[in-house]
Amino acid sequence: MKLQLLIATVDGAFFERGYAPPFDDYLVINQISRPAIESADNNAPPKVFDYQETGLSRSRNRALQRANADIGVIADDDVRHPDDAPVIIARAFAAHPRADIITFQARTPDGALFKKYPPRARRHSARSIMRVSSWEIALRLESIRAAGLRFDERFGLGATFPTGEENIFLIDALRRGLNLRYVPQPIAIHPAQSSGADFSHPDNIVAKGAAFRRMFGAASAPLACAFAYKKYRLSDLTCRQFYRHMRAGNLAYQRHIKRA
């Protein structure tokens with residue numbers, strides 16, 4: 001079983017870290033905003049692809065297109081991996097041969113779990129995938145391609161709505177009949193703060209509202225209300241103000257698809 005780490009970076013930021021992942025094979029999608037940038041040197045891995053474009057979801061889709069392994073492992077340029085991550089991932093897919101996507105855990109640099117995770121392995125549902133971060137995801141590339149799955153390029157950093165792309169990807173996978181599982185073992189080390197959980201800026205809350213509409217259609221309103229009640233304390237807003245931003249995102253997404 002061949003594993004390949006799929007890294008998204010901008011302007012060669014991944015190479016500046018001098019980080020060598022513990023994977024035998026990895027590729028880097030390097031989006032270039034400065035035309036003069038030199039994205040790689042003699043110490044870079046052989047699979048580096050430069051694109052003069054923006055958008056994290058677009059970068060993810062380029063990686064899915066370029067990958068040439070059995071299992072792809074999603075990564076950002078600020079993520080590290082424990083030395084045993086490849087073994088954990090390979091064993092999980094061997095133990096669950098029908099799984100098309102498996103999500104795992106992450107830790108912070110001080111060794112703590114990145115978030116509160118379920119203690120036992122289980123199949124994912126539309127509810128459980130809402131807590132998944134992109135760098136916890138590993139997937140069978142053959143299954144993803146057969147299902148025609150792609151990240152929605154309207155969502156994610158650098159897009160119209162700058163968050164929610166991984167949840168949309170996973171719910172699309174569920175709706176296309178793919179088998180999604182969770183395994184309670186850490187495969188990534190991520191800084192304690194994540195852009196997807198940053199509600200200090202209204203744009204991220206608006207984007208969440210748009211993502212809820214994209215995923216759940218007309219049923220998104222009560223779900224957005226529940227989300228606002230749960231998360232508004234992470235912002236400087238009242239629950240009502242938080243929900244209003246989510247409602248604005250819902251309406252913005254509806255206007256966006258009408259124009260398309």
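Does K2 count as buried, exposed or partly exposed, and at what relative accessibility? K2 counts as partly exposed, at 34% relative accessibility. Here buried means under 20% relative accessible area, exposed over 50% and partly exposed in between (1.4 Å probe, protein chains only).

The model is predicted: local features need pLDDT of at least 70, side-chain atom pairs count only at pLDDT 80 or more, and totals for chains, interfaces and linings use all residues. Residues are numbered from 1 along each chain as its sequence is written, and side-chain values use heavy atoms, with hydrogens and water left out.

**View 1. Salt bridge between D25 and K2.** The two side chains meet at 3.5 Å, N to O; a salt bridge is a side-chain nitrogen of Lys or Arg within 4 Å of a carboxyl oxygen of Asp or Glu. D25 counts as buried, at 10% relative accessibility.

**View 2. Salt bridge between R62 and E53.** The distance from N to O is 2.9 Å. R62 is partly exposed, with a relative accessible area of 25%, whereas E53 counts as buried at 15%.

**View 3. Salt bridge between R58 and E153.** These side chains meet at 3.5 Å, N to O. R58 counts as partly exposed at 31% relative accessibility, and E153 is partly exposed with a relative accessible area of 30%. Elsewhere, salt bridges that share partners join D152, R154, D172 and R214 into one network.
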